[in-house]
Amino acid sequence: MTAELFLPDAPVLMLHRVLQKYEPDNYYFRRGTAISWTRFESLVVWAEAQRAKGFPTPVFTFDDGYSDNQAAFQVLLNKQLPVILFPVRDYIQTGFSVIDDMAARLNGPDCSLSPRITRSLLSGKLKRCLSALSPAEYRYYRARWFGIMDDADAAPFLAEACNLACMD
């Protein structure tokens, strides 16, 4: 960590998801929790300009360790811009996140539910219900009701991001 992370005037850019392109129907863009790769690149250019002008360097944070943030995280590390990753608690505790697995399923190409039902399922009510299940219970019900045996692939990024950040 560098001293600039502790400057009180450093802007903090809190990101949730950086997706390759803007899609107005995408769940995360509709919720305002995603930015496009083009928007991300413009923020990186701005951050580098701030640093070059002698202003406090903006700090980028990712509040979850999603695999779609891997490229953005790597760009920031390569440019030596301050970046903090706040991994999903469930990944740290169990290596799996029930809520993120369900969200990946509902937003995946194989989902045959209507957008209205998908939005309803991804609302706070489903999250509260899912958060009450252990990974084993969730996997049991997922297999029994939907015939889905495998987990959505999101956890590998967390391990890789931790390795990249800890290399110094």
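How many bridges join strand β1 to β4? Four bridges do so, and the two strands run parallel. The legends below start from the whole chain and then turn to this pairing and its surroundings.

**View 1. The whole chain in a predicted model.** Nine helices and five strands make up the chain. Read from the N terminus, the elements follow the order β-β-α-β-α-β-α-β-α-α-α-α-α-α. Of the 168 residues in the chain, 35% are buried. Among contacts with a separation of 6 or more, 59% are between residues 24 or more positions apart. The accessible surface amounts to about 10400 Å², and carbon and sulfur atoms account for 56% of that area.

**View 2. The open sheet β1-β4-β5.** Three strands form this open sheet, in the order β1-β4-β5, with parallel pairing. Strands β1 and β5 stand at the edges and have a single partner strand each, so one side of each lacks a neighbour in the sheet. From one strand to the next, the twist averages 20°. Strands of a sheet pair through backbone hydrogen bonds, in either a parallel or an antiparallel manner.

**View 3. Pairing of β1 with β4.** Strand β1 covers residues 12-15, and β4 covers residues 59-62. The two strands are joined by four bridges. V12 has V59 as its bridge partner in β4.

**View 4. Pairing of β4 with β5.** Strand β5 spans residues 83-85 and runs parallel to β4, to which three bridges join it. The bridge partner of F60 in β5 is V83, and that of F62 is L85.

**View 5. Side chains of strand β4.** In a regular strand, side chains alternate between the two faces of the sheet. In β4, V59 and T61 point one way, while F60 and F62 point the other way. Buried or exposed, where do these four residues fall? V59, F60, T61 and F62 are all buried.

View 6. N69 belongs to the loop between β4 and α3, the helix of residues 70-78. Why does N69 count as buried? Its relative accessibility is 0%, and the cut-off for buried is under 20%. Which backbone atom does the side chain of N69 reach? The side chain of N69 reaches the backbone nitrogen of V18, at 2.9 Å.

Definitions and conventions:
Residues numbered from 1 in each chain as written. Predicted model: local features only at pLDDT ≥ 70, side-chain atom pairs only at ≥ 80, totals over all residues. Heavy atoms only, no water. Buried < 20%, exposed > 50% of the residue type's maximum accessible area, 1.4 Å probe, protein only. Pairing = 2+ DSSP bridges. Axes fitted to C-alpha atoms, helices over the stretch in contact; angles between N-to-C directions. Polar contact = N/O pair within 3.5 Å; in protein donor to acceptor, adjacent residues only side chain to side chain. Contact = heavy atoms within 4.5 Å. Areas by Shrake-Rupley, 256 points an atom, 1.4 Å probe, with all protein chains shown as cover.
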